[in-house]
Amino acid sequence: MVQAVKHLHRSFLTQFTGPVKRMLKSRKGWWLTAILMLISDWSQCIKPQEMTVDPPENVGVDDLGHLGQLDIHWTSPVSLINVTDCSMRYHLEYFNTYQNRWTVIRTVRTWYRAQFDLEKEVRVQISTVLRGACTNGTELKSPFTKMVLPPTNTGPVDSRVQGFGCVFYQKEVMECTWEVGLEEPAHSKHSLYFWHRDMEQAEECPQYIHSNGVRTGCTFTRESLPEFSAFNICVNSSSPKVALRSAFFSLQVQNHVKPAAIEAVHLEAGLDRRLQVHWDLPHESIPSHCLEYEVETSEGVGGQQLLKQRNVTREMTLTFLSMDGAHCFRVRSRVHHYCADRGFWSDWSRWFCHSEQPPGFVSDAVVVYALVIVVIISMVVLSLCGLALWTKYKGREGKTMHFCPLHKLMEYSKGLTACDPFPNKTRNK
């Protein structure tokens, strides 16, 4: 031990010069080196021995009849029951088939509830995590305990219903529809069951949609549709001839909203050659701050409507620079991503058009209308003049005037005899 200290003392002397070297040459420096070596040996002696962390035990997965929501449970390893100077947590991973990735959970509980697609494998793995005084502040993790459960679905794959989809109309009524499977026997019967967090057990569809006597969908009212929660659906197909495959779906209803079509679009032209477009919302349960709009603009060219541009906005008013020609607009809406992950566009409104002509332009229709009015007024004036002359001479002679064309009558009124209205009388000269 002493020889080792002297050797270390000599190695220190070769590395330092000046005041440090003179200090190490002294007796005091020699003892300082010895103390450093003793501290190093002591720290090695008190280093904790490596602990072995066992994984959780009795891992299980239970199906409570919630159409895909399963309970994962486990117990603490027996070897760690009496450990009190360390915190124990559990590292849970399960494969989310809806997102096609592993989901990681850290929890102190011995159970967890997760959503699975029952048409695919259920894959779960869990380990124990220790940290505290017993591990000298470091985190130790056990190996994984893994569990894989195969799907229990039976029947041919193509006997499963296809084309399944749900639309939540105006947040009032949701319709879920499907089509028959490719290999589904005739006269098969479909049944839909659903479950969400406010229900103890799954229930059957409250109102089926029928097409030619066959169930092709289900209608749900707003009261039975909680938002931002898993809404699980199972469509069973049954046939007396063969077993058919069931279909499982999980959705959140706020992501399937389709607003009502916009009915009123207003166009207002300003003096600054700007055209303002604004619209009114239909009466529905969707808050206005949750909507965004798409405005489609077309321009009339050669009697045809050509698409010009599309604008997506959260405002209910847009202003456009007014140009010559006819401009038409239509609007549709959908739920904005602040209120849902996705949604359906509403149907388009009808086209609303604004026609603007350049200064000094007179349309053909205006010219035609003006000519018609002039002709009518001329005929009325001439007719009134003729009637006045006829009445005058009838009153003067007391006799009936013979028929004479209007232009002849006008000549006679000027002293001409092209047409004598009184042939039996001689004029006084």
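C385 counts as partly exposed, at 45% relative accessibility, where partly exposed covers the range between buried, under 20% relative accessible area, and exposed, over 50%, computed with a 1.4 Å probe on protein chains only. C234, in contrast, is buried, with a relative accessible area of 4%.

The model is predicted, so that local features need pLDDT of at least 70 and side-chain atom pairs count only at pLDDT 80 or more, while totals for chains, interfaces and linings use all residues. Residues are numbered from 1 along each chain as its sequence is written, and side-chain values use heavy atoms, with hydrogens and water left out.

## Disulfide count

A disulfide is a covalent bond between the sulfur atoms of two cysteines. Here a disulfide is taken as a pair of cysteine sulfur atoms within 2.5 Å, and by this rule the count comes to five disulfides.

## C166 and C176

C166 and C176 are joined by a disulfide with an S to S distance of 2.0 Å. The torsion about this S-S bond is about 110 degrees, so the link between C166 and C176 is right-handed. The pair connects distant parts of the chain, with C166 in strand β9 (residues 162–169) and C176 in strand β10 (residues 173–179), 10 residues apart; strands are DSSP runs (E, at least two residues), numbered from the N terminus.

## C290 and C339

A further disulfide joins C290 to C339, with 2.1 Å from S to S, and the value of -75 degrees about its S-S bond makes the link left-handed. This pair also links distant parts of the chain: C290 lies in the loop between β19 (274–280) and β20 (291–301), and C339 in the loop between β23 (325–335) and β24 (352–356), the two cysteines being 49 residues apart. Both C290 and C339 are buried.

## C328 and C353

The sulfur atoms of C328 and C353 are 1.9 Å apart and form a disulfide, which is right-handed because the torsion about the S-S bond is about 105 degrees. Distant parts of the chain are again linked, C328 being in strand β23 and C353 in strand β24, 25 residues apart.

Conventions
Helices (H or I, at least four residues) and strands (E, at least two) are DSSP runs, numbered from the N terminus.
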